Amino acid sequence: EVQLVQSGGGLVQAGGSLRLSCAASGSTFDDLAIGWFRQAPGKEREGVSCIGNSDGYTYYADSVKGRFTISSDRARNTVYLQMDSLKPEDTAVYYCAAEVRLLRGYYSESYAFSYWGQGTQVTVSS
């Protein structure tokens, strides 16, 4: 069993920054892939970014590439999503999710992740 606790989120003006945190427990951290997904009202859930703790391999959606950075702090069993140059279209509920020993081809696919955080609202005003 893996437990994920999120923090961060909030309201920010367009062009600003936020950092989301996802703290994991209940599993060997290095065996996890931990990803970030978001869902806006009326929209499908989409994969934003993911990192494999075993090798550091990362995935970014084209819509956030160059603006968002995912990182993993193994000493704290925590994955961060640094979001810079935020746009109103980034507004959504953001979820972190984890899966053990996940193949890289599934890093963007929400159905492949078994464990989920509680979600946090990110709102970007124009």
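## Arginine 74 and aspartate 30

Arginine 74 is partly exposed because its relative accessibility is 40% (buried means under 20% relative accessible area, exposed over 50%, partly exposed in between, with a 1.4 Å probe and protein chains only). Its side chain meets that of aspartate 30 in a salt bridge, 3.2 Å from N to O. A salt bridge here is a side-chain nitrogen of Lys or Arg within 4 Å of a carboxyl oxygen of Asp or Glu. This pair links distant parts of the chain, 44 residues apart. Aspartate 30 is also partly exposed, at 37%.

## About the model

This is a predicted model, where local features need pLDDT of at least 70, side-chain atom pairs count only at pLDDT 80 or more, and totals for chains, interfaces and linings use all residues. Residues are numbered from 1 along each chain as its sequence is written, and side-chain values use heavy atoms, leaving out hydrogens and water.

## A buried pair

The structure holds 8 salt bridges. In one of them, arginine 38 pairs with aspartate 90, with the closest N and O atoms 2.9 Å apart. Arginine 38 lies in strand β4 and aspartate 90 in the loop between β8 and β9, so the pair ties together parts 52 residues apart in sequence. Strands (E, at least two residues) are DSSP runs, numbered from the N terminus. Arginine 38 is buried at 5%. Aspartate 90 is buried at 1%.

## Another pair, and a network

Arginine 104 forms a salt bridge with aspartate 55, at 2.4 Å between the closest N and O atoms. The two sit 49 residues apart. Arginine 104 is partly exposed at 45%. Aspartate 55 is partly exposed, with a relative accessible area of 45%.

Shared partners join Arg38, Glu46, Arg67 and Asp90 into one network of salt bridges.

Key
Helix = DSSP H or I, 4+ residues; strand = E, 2+ residues; numbered from the N terminus.
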